[in-house]
Amino acid sequence: AQIRYSIPEELTRGAFVGNIAKDLGTDVAKLAAANLQVLSDSDSQYFSVNVNTGVIMVSERIDREQLCGQNPRCFLHLKLAIENPVEFYRIEVEILDINDNPPEFPSEEVSLRIYELASLGARFPIQPAQDPDVGTNTLQTYHLSANDNFNLNVKARTDGGKFPELVLERALDREFRAFHYLVLTAEDGGSPPQSSKIRITIQVLDANDNHPVFDRPSYGARLVENSPLGTLVVKLNATDVDEGPNGDIRYSLSSHNSAALRQIFAIDEQTGEIRVQGNLDFEEATVYEIEVEAKDMGSPTMEEHCSVVVEITDVNDNAPEVILTSFSSTLSEDALPGTVVAVIHVRDRDSGEQGKVLCHVSPDLPFQLRKDYEHQYSLLTSTRLDREHVAYYNVTVSASDLGNPPLSRHTILPITVIDVNDNAPQFEQASYEVLVAENNPVGSVLVTVSAADPDSEQNSRLSYSILRAGGTDPGLDPTRYLSIHPTNGQVTAKFPFDYEQTTYLQFHVEVSDGGSPALRNRTLVHVFVVDQNDNAPRVHFPRAGEDSATQFRISPSIVPPALITKVVAIDADSGRNAWLSYHLVEATDLGLFSVALRSGEVRIMRALQETDASAHELLVVVRDAGEPPLSTAVTLVVLVEEKGPEALQGSEARAADSGGLPTITLYLIVSLVLISTVSLVGLAALGIRCL
């Protein structure tokens, strides 16, 4: 026979299972006498029988889940054996499940990484909870904590398993919430139900769904022109709520910017600092508008744009410019005061007061500036010009602005004064005095007259000519004796001068320039002919032939120093060249006669003796004082004779004739002194004039 009992699991030791005696309809005493034994099919003895009462009791803890696992029905089988007679009874104890096990998840926490652009309806399975209980005590349902994005879907399998899934119902936004914290509760159907929870951490993976954002739509900066290279303009700040490469921002200048602007400004792609890398010139641009873009490193890249307006403040960095609208580099020296030489336009690229320009020229120059209007000046002559005083001007036009400090620019205008024939030639000397030695060579230069004309070029080209001086002897035509070179003023002699014929000559030299009309001037030239020793003394007495001698007779009783005769000579030269001296060179007896050095008187020096010769020959030389000296010789023969009255009378007659000789000599000496005095006075006057 088979007996079935049902007991819940986890009964305590000694718990009642059933009364075998009652159920078998057997007396309890009989069971005890029959040696009742309980045999189990398992290794463990979960039950025992009280033979005195016939009650089957729990002897060990019974865990249905351990015994049967997930089988919906769990049985333990016992065998009862009795003797006399031997009988076997099969007892089947069904172990009923109790809700002693809550559902358990594999872990207390699970993490999910979900792309923030995941599609709506996407499912994300969660490892299910396990409940070893069966029937209604096993896992029945799941509950998800309240949230905005996910719903719970429980997927049931044919084996009765239930698998939870998170279903995306609302789009994720990592930038709004990067992490979602959910609680999933698994609950069984026991009474009371048991449950367990698992924490679900959902990390929303970033998608590049946000573009960078600048902290302001536009930026403004103000810089001074000519700011140094590297000057910070502005520091941009853009943020991207994405993360990782999607939020990593790189700055750059937009391609919309001109190439010129890119040469002036540079941006640091990491920091967003815009700095000056070129020259800032207010005069080229007063405002720069820089287009900047910020890009993230996501894929695809997202970008944002902003503008930076940079205002340039003007500084006085531009010197004024001087522009010649009209300019004449040459100016006639007879130009009237007020003549316009140049029209000047000035400008300054700076602004405001720094762009206002004032011009001036040196007050020491014969020029002045007249302001025509705001930016135009005219350069005028202020006085008459004189090329001979200043032939060339460098007129410096100074233009200065009103900046602080002021800047200036100097422009030099070279002005050449054109000559006008307004100056007559001028001789170096008002008159010239020339000493010319007679017998000068033909063509020799007597004097060079020199004139100067301060004019230039054709107006200063001079031409010389000789004119007769007023008051001169009409027979002395200077052009007959002299000629002059027309360009260098050299006066040359056509013939040698002869002092004995011409001692003085004067004439005018006229010089004229090459201007139109020509201007002229004159100078007076005095020519003094200087005597040369070119004439030998000429003996006038005694007269004798070329090879003959003059005889004189004396008495033997003549008393010394009696005058025998007197040699008289003259010299056509003048001055020292006409100073004569007489010398006794040869004589029969040199001690008997003497000749006076200056007068030429021949005298006997001692009384005649009987031993003396009766005839004496004397050689008298007349020599002038020139250099070299010239001389003439005369031979005298003195005869010693006793004469009659006639002879003596002849001698006296000669003596009487010779009595007039001293008067002639006196005239010669006076003439020589006068000529010498005039010459000395002329030389002195010439020396004083030269000084």
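This is a predicted model: local features need pLDDT of at least 70, side-chain atom pairs count only at pLDDT 80 or more; totals for chains, interfaces and linings use all residues.
**Cysteines**

- Searching the whole structure turns up one disulfide.
- The link of Cys68 and Cys74 is right-handed, with 65° about the S-S bond.
- Cys306 counts as buried because its relative accessibility is 3%, and the cut-off for that label is under 20%.
- Cys359 is buried too, with a relative accessible area of 13%.

**Overall shape and surface**

- Taken along the principal axes, the C-alpha atoms of the protein chain fill a box of roughly 260 × 70 × 35 Å.
- The protein chain has an accessible surface of about 36,800 Å², and carbon and sulfur atoms hold 52% of it.
- Of the 691 residues in the protein chain, 39% are buried.
- Take the contacts in the protein chain with a separation of 6 or more: 67% of them are between residues 24 or more positions apart.

**Secondary structure and annotated domains**

- The protein chain has seven helices and 49 strands.
- UniProt, in an unreviewed entry, places the feature "domain: Cadherin" at residues 6-105, 106-214, 215-322, 323-427, 428-539 and 546-664.
- Residues 106-214 are 0% helix and 49% strand, and the end C-alpha atoms of this span lie 47 Å apart.
- Residues 215-322 come out at 6% helix and 44% strand, with 49 Å between the end C-alpha atoms.

**Nonpolar cores**

- The largest nonpolar core has 28 residues, and Leu236, Phe265, Ile274 and Val292 touch the most other members.
- Each of these elements supplies at least two residues of this core: strand 16 (218-224), strand 17 (232-235), strand 19 (249-253), helix 4 (259-264), strand 20 (265-267), strand 21 (273-276), strand 22 (287-296) and strand 23 (303-313).
- Another core, of 27 residues, lies apart from that one and has Ile3, Ile20, Val38 and Phe47 among its members.

Conventions. Residues are numbered from 1 along each chain as its sequence is written. Side-chain values use heavy atoms; hydrogens and water are left out. A disulfide is a pair of cysteine sulfur atoms within 2.5 Å. Buried means under 20% relative accessible area, exposed over 50%, partly exposed in between (1.4 Å probe, protein chains only). A nonpolar core is a set of buried Ala, Val, Leu, Ile, Met, Phe, Trp, Tyr and Cys residues joined through side-chain atoms within 4.5 Å. Helices (H or I, at least four residues) and strands (E, at least two) are DSSP runs, numbered from the N terminus. UniProt positions are given in the numbering used here, feature names are shortened, and annotations may be inferred rather than shown by experiment. Contact means heavy atoms within 4.5 Å. Accessible areas come from the Shrake-Rupley method with a 1.4 Å probe; for residues, only the protein chains shown count as cover.
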